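This report covers the surroundings of the ligands, the nonpolar core and some points of backbone geometry.

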Amino acid sequence: MLKNNGVPSREELTEVKPSRERLQQGPVVIVECIQEIPCDPCYYACPRGAFYPFSDINSKPEIDYDKCNGCSICIANCPGLAVFVVDFTYSEEEGLLQIPYELTPLPEKGEEVVTLNRSGEEIGTGRVVKVLNTKKQDRTAIVSVAVPKEILMEARHIKLRREGQ
Ligand code: SF4
Ligand code: SF4
């Protein structure tokens with residue numbers, strides 16, 4: 001449970017997961033913002049109006065998944081690093097995971113990386129497909145990683161395999 005150990009429980013994650021049907025339709029946002037906190041930049045970041053208006057600043061985000069096209073703009077706008085995009089249609093075997101990344105050095109396109117779950121445990125490997133790091137993103141890069149579909153809903157961070165890291 002998030003408030004006990006910083007890791008959301010299965011029940012908490014179920015509440016913020018798009019339907020199975022929507023997940024199979026293409027890239028979609030996953031907003032793992034579980035607690036009520038005074039924060040709302042995600043709402044203003046989305047150009048498609050996929051975040052419902054917040055009833056007050058402490059409200060948890062609610063999403064109209066049919067409006068989301070997985071553009072990933074909102075990822076770098078979340079100070080809590082709680083926003084991801086997943087795409088189960090990326091290829092036959094692999095899904096695409098897009099994550100916020102604020103560590104240095106940044107991974108590079110084509111690099112093989114270790115994938116970590118929400119507890120920081122290693123759960124497999126992935127391949128970096130793209131690294132987006134524009135000025136507008138204010139040092140929160142968006143890293144796209146191809147991972148086996150079996151771990152697409154579990155992998156939420158990556159670790160570089162370079163020597164000394
Ligand atoms: S991924 Fe793009 S369309 Fe989807 S909620 Fe985020 S900003 Fe909106
Ligand atoms: S910007 Fe991030 S932390 Fe803030 S309300 Fe939205 S999802 Fe939650």
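## Shell of ligand 1

In this predicted model, the residues of the shell around ligand 1 divide into eight nonpolar, three polar and one charged. The residues around this ligand are Val-29, Cys-46, Pro-47, Arg-48, Ala-50, Phe-51, Cys-68, Asn-69, Gly-70, Cys-71, Ser-72 and Cys-74. The space that ligand 1 takes is the largest cavity.

One residue of this shell, Ser-72, lies in the loop between H4 and E2. Its phi is positive, near 80°, in a residue other than glycine. Ser-72 has a relative accessible area of 6% and therefore counts as buried, the limit being under 20%.

## Shell of ligand 2

Ligand 2 takes the space of the largest pocket. Its shell has ten nonpolar residues, no polar and no charged ones. Around ligand 2 are Val-31, Cys-33, Ile-37, Cys-39, Pro-41, Cys-42, Pro-61, Cys-78, Pro-79 and Val-83.

## Nonpolar core

The largest nonpolar core holds 41 residues, of which Val-29 and Val-86 touch the most other members. Two or more residues each come from strand E1 (28-31), helix H4 (41-45), strand E2 (83-87), strand E3 (94-101), strand E6 (141-148) and strand E7 (157-160). E6 gives the most, with five residues. In soluble globular proteins, nonpolar side chains tend to be buried together.

Val-29 is also among the residues around ligand 1. Leaving aside neighbours within four places in sequence, Val-29 is in contact with Pro-18, Ile-63, Tyr-65, Cys-68, Cys-74, Val-83, Phe-84 and Val-85.

## Backbone geometry in loops

The peptide bond from Thr-104 to Pro-105 is cis, with omega near -5°. Pro-105 belongs to the loop between E3 and strand E4 (112-116).

Arg-139 is not a glycine, yet has a positive phi of about 75°. This arginine is in the loop between strand E5 (122-132) and E6. With a relative accessible area of 68%, Arg-139 is exposed, because the limit for that class is over 50%.

Arg-10 is part of helix H2 (residues 10-15). Is Arg-10 buried or exposed? Its relative accessibility is 56%, so Arg-10 counts as exposed. Arg-10 and Glu-21 are eleven residues apart along the chain, and their C-alpha atoms are separated by 19 Å.

Methods:
Residues are numbered from 1 along each chain as its sequence is written. Chains are lettered from A and ligands numbered from 1 in the order in which they are written. This is a predicted model: local features need pLDDT of at least 70, side-chain atom pairs count only at pLDDT 80 or more; totals for chains, interfaces and linings use all residues. Side-chain values use heavy atoms; hydrogens and water are left out. A residue is near a molecule or strand if one of its heavy atoms lies within 4 Å of it. On a 1 Å grid over the protein atoms alone, a cavity is a set of points where a 1.4 Å probe fits but cannot get out, and a pocket is an open set with protein on both sides within 12 Å along at least five of seven lines; lining residues have an atom within 4 Å of a point. A molecule sits in a cavity or pocket if more than half of its atoms lie within 2 Å of its grid points. Ala, Val, Leu, Ile, Met, Phe, Trp, Tyr, Cys and Pro count as nonpolar, Asp, Glu, Lys and Arg as charged, and the others, Gly among them, as polar. A nonpolar core is a set of buried Ala, Val, Leu, Ile, Met, Phe, Trp, Tyr and Cys residues joined through side-chain atoms within 4.5 Å. Buried means under 20% relative accessible area, exposed over 50%, partly exposed in between (1.4 Å probe, protein chains only). Helices (H or I, at least four residues) and strands (E, at least two) are DSSP runs, numbered from the N terminus. Contact means heavy atoms within 4.5 Å.
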